[in-house]
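Me: Hi! I'm new to this one and would like a friendly walk through it. Could you show it to me first?

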Amino acid sequence: MQRGNIFDYKNYRYFKIAVVVILIAFAAYLIFEPAVGHYGGSVLGYGLGTVSALMVLWMAWYGVRKRRYRSSGSTQSWLSAHIYLGTAMTVLVTLHSGFHYGFNIHTLAYGLLLVVVASGFFGNYTYMIYPRQMSENMGEDSLDSLLLRIAEADKLARQIALVMPDAINNTVSRACRETSIGLGLIDQLRGYQPNCPSAQAVDDLTAMANSLTPDQRKLHRELYTIMVRRLSLVKRARQDLMYRARLGIWLYLHVPFTIALLVAMTAHIIAVFVYW
Amino acid sequence: MFNCLLIKITYNSRGLPVRSYRTIAAHELTLGRGAECNVHLPDPRLSMHHAVIKQNDEGLFVVQALNGELEIDGAIVPGSVLTHGSKVMVGPYELKVEPAPPDVNLAISLVLAHRLPDDFQDLKARTHQPLTGASSFKRRLSLLLAVLIALIALALPLAQNLIPSVHKAVAELPIGFDRVWSPGRISASHMHFGSQCFNCHQVPLQKVSDKACMTCHQDIGPHIANPVLQKSAFNAKHRYIGTTRCAECHEEHKAPHPLAKQDNGMCIKCHGNIKAINTKSTLANVHDFDRDHPEFKLTFKTGPKSTDIERILQSDKARLVEKSGLKFPHYQHTGKVQGPNGIWDVRELSCTNCHAPEGKEMRFKPLTFKNNCVSCHAKELELGPKELKITVPHGNEQNVFNALKLYAPKQFSSYSDSLKKNGCAYCHEIIENESAAQPWRVAPLYINQDWFSMAQFNHGAHRTQQCVSCHKVEESESSADVAIPDRQSCLQCHSGSKPKHKRIASNCMTCHNFHHSHFAEGLNPTAKLDNNDVEVLLSIANKQNQ
């Protein structure tokens, strides 16, 4: 039997728990309304706050837990719980806030939590979508084999260009020399590079086709085929890098903001009890 | 035409230089990747016709760039004279002038100085790994955020609380470091000092004490006006401390909600089971106005002093008689009534002709003879025939007797009798008094101003209603009748805190005030915080601090 993924783990066990937790919280929120409206310091507010704080600590512990090989429970089970209960916790914290926001540590902690959760959702999304698209993009190839094929195309193209006019030779050799893959973080995330020399070369070759002798025209056609194929290889390599960058980028926010959230939550709790 | 010795230097597999010689006779030497060039250099970095070597007018050999570029010592030049030993970079090739053998005019060597890099390795070098430096970025961002938040939201506010010198310095500033801890907006009336948290949060880890409130609110009344009862009922050392904290009902940082709690919760804590607080209490348990609020008790004046009052249940109809000392049938004073000036003098009277509202809450001005009665009842004070008419003053009966003695000493007893039976007695109760100088006197007036002395009724809030919809006075023939509406009549419009359909939600605070002694007229006006109390309060608070 094929093992389920993290979402339908054990027949949606944690999804069901999360739904129950959210329903209980909503019911309590509707039933126990203080006279001055909902706020974190009411009996329900303290209850929701305590449960949420414990859940935040438990969520953060997942980060420690998954780096340990010998621990209780399977990592898959932990991750499933991390995702579903983390979502439920966000609802609890929102109810705990009573929808009061201001320019203070309490709202800062809430904002940090939302950043953590939002980045987590994005990470989830990437892991749901991209691995499949990655294998569709790469097929049997690896990034290195793609690069090897690009390098072979380079060699061929350069040989042909050697006997072509300067303009063609220049654009081809510039394409070979200057094409880079995944130049900066933004380009990696976009999976697209503006002013790419390879794409430029293909465009230039199209434009230059008219001013050639019949002999050169045949070579040009060959060169053009090589360059177009080469461009598609370059694009695939960039696409691969894009997927890998997007699969990793959410952790840029998820982890540091979790640390920040833990500090802010501590400050929030201390503040509340220093100034009762 | 000149002869040129071309020395091409290549490197074999062991890395040793291999020289190949060729002599070319030509008018000019072209260098380039084109096949038609004299010196064919198949490298993509060269132009088709890159450069040319020729003799100038003076017979010197020069190299000139055609479509390519020439470099001497890293500088791009258009051309250069070739002398012995000069070095020119032609694309990736280094051109060097060698010593010329006797039968040639020029000897040059060409060596590929910059090899074409390996395509794959080169491309790999230009392929960047995704998210390089991720872990160091994450570590630095974590540290930055953690330190920033810990400093602003934790270290500075705590330092302000724990280090006296910091506290002192920050107290001078418009807002403190602990401003970031504020959970919500402060109510408008506290805003002028609320930017410094320590004004109310005086001791860390302790809830806001009443002492902080009492700094300003020194005149606030206790819950029970009677200080002895207040002390015994709450089993308190002091009549304020030990009852309940101000902040339990007055929740700050919840603006725009009212600063005082409006729900029944706090009231029911005690009044839901009042015997648990004070076993001697005669009060009934209350949870909700609609559900189990007891019958109203009306406050009757029984004597001249402000404490001479009696509270009577509205259901106790036999005792529900007002002994005001007046004879006033309301039914004769509503609608069309006969005026004093003959049969054609018909006047229309409504409630407000006499009962004039006063102030925002629409309390009523006390009625006076001069303002309200005399316009119709002036004749009751007139005595004797038309030509010898005497008008006695209204007010103290001694003045009446004095006036009679002065203006009509002979008719004193007959006029006095007439007043006793008709004039004064027309409106007032008369008490017999067997002394000669003052044979009778007018009964003292005990007119109620405040029937619901334990609650506050706001006529202003009910101004959309007709007076008679609550006060059934049209049929009242006697001034002893009490026309104060009972609980059932309130319930026609009002309901409990959870309102019924088309009823107004009403909770305890709608009618009652916790600090009741402000309003309990004549109950105990001294029940206010005096200087003694403040000192006691401060000493208690200080003890807690130590």
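**A loop, some helices and two chains**

Reply: Let's begin at A:F99, which sits in the loop between α3 and α4 of chain A. Helices here are DSSP runs of H or I with at least four residues, strands are runs of E with at least two, and both are numbered from the N terminus. This is a predicted model, in which local features need pLDDT of at least 70 and side-chain atom pairs count only at pLDDT 80 or more, while totals for chains, interfaces and linings use all residues. Residues are numbered from 1 along each chain as its sequence is written, and chains are lettered from A and ligands numbered from 1 in the order in which they are written.

Me: Thanks! What is the phi of A:F99?

Reply: A:F99 is not a glycine, yet its phi is positive, about 60 degrees. For background, most residues other than glycine have a negative phi.

Me: And is A:F99 buried or exposed?

Reply: A:F99 counts as exposed because it has 9 C-beta neighbours inside 10 Å. The cut-offs are 20 or more other C-beta atoms within 10 Å for buried, 12 or fewer for exposed, and partly exposed in between, with C-beta atoms placed from the backbone.

Me: OK, over to chain B. Where does B:L131 lie?

Reply: B:L131 is in the loop between α1 (119–125) and α2 of chain B. B:L131 has a positive phi of about 50 degrees, although it is not a glycine. With 22 C-beta neighbours inside 10 Å, B:L131 counts as buried.

Me: New topic: how many residues are in the largest nonpolar core?

Reply: There are 44 residues in the largest nonpolar core, and A:I105, A:A109, A:L112, A:L261 and A:A264 have the most contacts inside it. A nonpolar core means a set of buried Ala, Val, Leu, Ile, Met, Phe, Trp, Tyr and Cys residues joined through C-beta atoms within 7 Å.

Me: Which residues is A:I105 in contact with, leaving aside neighbours within four places in sequence?

Reply: In chain A, they are A:A264, A:A267, A:H268 and A:A271, and in chain B, they are B:A153, B:V180 and B:W181. In contact means that the C-beta atoms of two residues, placed from the backbone, lie within 7 Å.

Me: How many residues does each chain bring to the contact between chains?

Reply: Chain A brings 50 residues and chain B brings 47. On the side of chain A that touches chain B, α4, α5 (143–161), α6 (166–178) and α9 of chain A each give two or more residues. The largest share of that side is from α9(A), with 19 residues. By class, that side of chain A has 33 nonpolar, 12 polar and 5 charged residues. Ala, Val, Leu, Ile, Met, Phe, Trp, Tyr, Cys and Pro count as nonpolar, Asp, Glu, Lys and Arg as charged, and the others, Gly among them, as polar.

Me: At what angle do α4(A) and α9(A) pack?

Reply: The angle is about 160 degrees, and the axes are 7 Å apart. Axes are lines fitted to C-alpha atoms, for helices over the stretch in contact, and angles run from 0 to 180 degrees between N-to-C directions. The two helices α4(A) and α9(A) are therefore roughly antiparallel. Angles under 35 degrees count as roughly parallel, over 145 as roughly antiparallel, 65 to 115 as roughly perpendicular and the rest as oblique. Their contact has 24 nonpolar, 11 polar and 3 charged residues.

Me: What about α1(A) and α3(A), parallel or antiparallel?

Reply: Roughly parallel, for α1(A) and α3(A). Their axes come within 8 Å and cross at roughly 10 degrees. The contact of α1(A) with α3(A) has 15 nonpolar, 2 polar and no charged residues.

Me: Last one: where is A:G123?

Reply: A:G123 is in helix α4 of chain A. A:G123 is partly exposed, with 19 other C-beta atoms within 10 Å. Leaving aside neighbours within four places in sequence, A:G123 is in contact with A:W250, A:L251 and A:H254.
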